[in-house]
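Could you walk me through how charged side chains pair up in a protein model? I would like to learn how to read such contacts.

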Amino acid sequence: MSRPQNRRVGKPKNEKPKKKVKEPETFDDFLAEGITFEEQGERYKEGDRAQRNYERAADMYSKAHSLNEQDADCLYNWGRVLYILVGFYPAHTEPEEKLKKLDQAIEKFRGALTLAANKTDAQFNLAQALHLRSEILQDTTEVDNSYMQSAMALQEAITLFEAVYDLQEKEFNDQNTNESEHQQEQNHDHDHHDHEHKHEKEEKDDPATISSSSEYTTVTEVEPTTAYSLIDTLLSMADTMTTMASMLASYQSSVDLFSKSRSKLGIAEKWLAGTSEDSKEHTQARIQINLKEAQNFSAQAERSFLASKTIDHELFQQAIGRLDAIIEQLDSRHVEAMCDRGDVLGTYAELLTKQEGNKPTTDVWHYYAQADKSLKVALQIENKNLNILNKLGDLSIARARLDLPVAKRNRAQLLKNAEFYFKQAVDTDRQVLTSGYVGWAYSTWALEVWAQVPDKKKAAEKIIKLWLTRGGSAEMFGDITEDVEILDSEFIEWVNETFFESEESSSSYEE
């Protein structure tokens, strides 16, 4: 999930300190309470306590809004908290439920922009929310015209990011011009020192930073635009363009958009070059640029293969190189880079086996082995990460299926590895029905069918029965088989014949 911009706005401005009341009553009270709860949520970062504080913040912003519907800052804060809450849904949450909460956030951001059209923080977060909406829509079949809605959301997000960047760049240049002019005036006349202090005092009460009505007064915290603000916007813009490029039906159009995405990352590189290399912010920005470049190269490589059925090795190597640079030079424990590296290497190996006229070679085994190694290191750092566990299970099965002597020699062990990873995923979160259980049953079944380990089909049958009692169904199994290419057709047929050949057999497991 993309992160929201971290700026809260709309702190109440009181000319005199007020005694703390037991319960909030006014717009200012509710807004202040909302900010307090939001700050507490940020301190906890994750978990139930963080979620509860964000939920309380949303409730406070809602009540503040009911007292003053014309405050753009309140709407922005409310939307931002709702967007954050989408990230707290558990992995097994249906996409439609996530969309409901996300659409509420989008509504609040749009409301804030109706009141303040050039509010860049609201524009930025609306664009992030629209990108996320596009990704969620791609995961559901329950929404009409989901593909078209997804593409429209991405296009609007790109337009918003471009508008935000233009405004930020102008603000940044204006700031630098003003600073330069102030410096020249100081050098020219020492007496300007007194005038400057007076100017600073006036600036604090500048009406441009205050939104007020006869009854309510709030102050917007105006943070200066920095090189890192510009880089952040460019990264988000490039990421959205990469997602859009992967969706385009026209191959040439997709190539053009991939290239445009990389040009935005090139501009981010130029901004980064003007910052101090010794700062933590510089390192984090460098990592993020590398991640986005790797995602771009890998996505274009996959799109190229879809169009030509041949592999663009250079694109894959570029992606791997960007990720290697993160792990070897910037952060040896960067889990996201390790997982992305595993994904890229795994996809590279998979496409090598699919390439027309190309049988699996030792190169395929090598790339799969490297992917496996990268994901295992990531798992050592985050041993309860469901995504990593399921990826390692999928990877072990993919290696076991290869028609290579080395794969045949290691087939039983690879399937046992897959069985272990999928079971670990189930034990980590038993409520997730769309991944671990079926993979666990599949690898167990394969141990008997592919590696002649006795009684494993009976064990697989017990796993499927367990999955059904916890909410699995024929419809869900059908959706999983459509999404997961690695499942063997013989296994799919076995499950359907054993459990779903009649309505009576499937309904008996739902009781």
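Q: What should I know before starting?
A: This is a predicted model, where local features need pLDDT of at least 70 and side-chain atom pairs count only at pLDDT 80 or more, while totals for chains, interfaces and linings use all residues. Residues are numbered from 1 along each chain as its sequence is written, and side-chain values use heavy atoms, leaving out hydrogens and water.

Q: How many salt bridges does a search of the whole structure find?
A: Side chains of opposite charge can pair when their charged atoms come close. A salt bridge here is a side-chain nitrogen of Lys or Arg within 4 Å of a carboxyl oxygen of Asp or Glu. The whole structure has 24 of them.

Q: Where do Lys 63 and Asp 59 sit in helix α2?
A: Their side chains form a salt bridge at 3.3 Å, N to O. The two residues are four apart in helix α2 (residues 48-67), so about one helical turn separates them. Helices are DSSP runs of H or I with at least four residues, numbered from the N terminus.

Q: Is Arg 341 buried or exposed?
A: Buried means under 20% relative accessible area, exposed over 50%, and partly exposed in between, using a 1.4 Å probe and protein chains only. Arg 341 is buried at 14%, and Asp 324 is buried at 18%. These two form a salt bridge at 2.6 Å, N to O. Arg 341 lies in helix α12 (residues 335-354) and Asp 324 in helix α11 (residues 313-330), so the pair ties together parts 17 residues apart in sequence.

Q: How many disulfides are there?
A: A disulfide is a pair of cysteine sulfur atoms within 2.5 Å, and the count is zero.
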